[in-house]
Amino acid sequence: MSPAAGRPRDPAIDAAVLTATLDVLRERGYARLALETVAARAGTTKAAIRRRWPVRQNLVVDALASVLVTPPAPDNGCTRCDLVQSVRLLATALDERLPGGVLAPLIADCAGDAALHRRLIDVLVEPTRHAATVAVRRAVDRGDLLPDVDPALLVDLLASTVYQRALFGDAPVDRGTAGPLVDLLLRGVAVDFERLVRISRRTDRTAEADAEEGAREDHGH
């Protein structure tokens with residue numbers, strides 16, 4: 001977020017502006033985002049917003065970042081489970097948390113400015129990508145994936161499908177498509193693909209049994 005000039009920043013105004021920006025993005029989209037509308041909803045002025053965010057794109061990046069959660073690296077002791085969870089985390093961020101139809105025009109708007117483009121990637125993309133990369137590196141270290149697998153490249157291959165669908169309006173990657181996507185890549189990089197599938201099935205059954213046991217305990221109380 002850009003440093004304020006002059007008077008100290010008021011966190012309450014910052015939060016109100018970010019919330020108002022999200023509301024306007026959801027209702028009107030990126031192209032029709034007007035600072036006057038944001039200011040009116042936030043109970044402040046356009047000049048106050050400009051002091052805080054001299055560059056409009058940075059305001060939008062900060063607003064989108066405010067609804068994203070930096071995920072921990074998946075660590076289920078199950079490579080297939082970790083990769084499927086990584087895909088779902090990314091898909092959830094793009095398809096559920098971010099306002100629809102905003103990311104593509106924002107990327108286009110930042111493309112001509114290297115600093116803006118880098119900040120967009122660092123703030124909105126890199127946290128989830130880093131978590132997935134850590135999960136892949138663990139899988140390589142424990143011998144589940146071939147030793148020459150490049151974790152960052154594998155994550156890029158997984159993420160590319162999610163981003164393509166999010167940016168071009170295809171059906172989002174959901175629970176039903178995350179597994180087949182991961183399996184398609186695992187067949188090429190796993191040391192023993194069938195073993196990883198067996199482990200994931202055992203892990204899924206254990207998770208389901210734990211959930212059922214928890215439900216019975218809650219019902220008993």
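A disulfide is a pair of cysteine sulfur atoms within 2.5 Å. This structure holds 1 disulfide, and that makes a handy place to start looking around. Keep in mind that this is a predicted model, where local features need pLDDT of at least 70 and side-chain atom pairs count only at pLDDT 80 or more, while totals for chains, interfaces and linings use all residues. Residues are numbered from 1 along each chain as its sequence is written, and side-chain values use heavy atoms, with hydrogens and water left out.

**The disulfide**

The partners are Cys 78 and Cys 81, with an S to S distance of 2.3 Å. The torsion about their S-S bond is about 70 degrees, so the disulfide is right-handed. Cys 78 and Cys 81 are both buried. Buried means under 20% relative accessible area, exposed means over 50%, and partly exposed is in between (1.4 Å probe, protein chains only). Another cysteine, Cys 110, is buried with a relative accessible area of 0%.

**The core**

Now for the inside. A nonpolar core is a set of buried Ala, Val, Leu, Ile, Met, Phe, Trp, Tyr and Cys residues joined through side-chain atoms within 4.5 Å. The largest one here has 60 residues, and Leu 64, Leu 106, Leu 124 and Leu 145 have the most contacts inside it. Helix 7 (residues 114-141) gives this core its largest share, 9 residues. Helices (H or I, at least four residues) and strands (E, at least two) are DSSP runs, numbered from the N terminus.

What does Leu 145 touch, not counting residues up to four places away in sequence? Its partners include Thr 79, Val 136, Leu 154, Leu 186 and Leu 196. Contact here means heavy atoms within 4.5 Å.

Helix 4 (56-65) is mostly covered, as 8 of its 10 residues are buried. Among them are Gln 57, Asn 58 and Asp 62, along with Leu 64. The buried residues of helix 4 pack against helix 1, helix 2, helix 3, helix 6 and helix 7. In helix 2 (residues 35-42), the buried residues are Leu 35, Thr 37, Val 38, Ala 39 and Ala 42. Just after helix 2, Gly 43 takes a positive phi of about 70 degrees.

Back in helix 7 you'll find Arg 138, which is partly exposed, with a relative accessible area of 29%. Leaving aside neighbours within four places in sequence, Arg 138 is in contact with Ala 73, Pro 74 and Asp 75.

**Two pockets**

On a 1 Å grid over the protein atoms alone, a pocket is an open set of points where a 1.4 Å probe fits, with protein on both sides within 12 Å along at least five of seven lines; lining residues have an atom within 4 Å of a point. Grid points are joined across faces, edges and corners, and a volume is the space filled by probe spheres set on the points.

| Largest | about 360 Å³ | 12 residues |

Which helix supplies the largest share of the lining of the largest pocket? That's helix 5, with 5 residues. By class, this largest pocket's lining has 3 nonpolar, 5 polar and 4 charged residues. The lining of the second largest pocket divides into 10 nonpolar, 3 polar and 3 charged residues. For these classes, Ala, Val, Leu, Ile, Met, Phe, Trp, Tyr, Cys and Pro count as nonpolar, Asp, Glu, Lys and Arg as charged, and the others, Gly among them, as polar.
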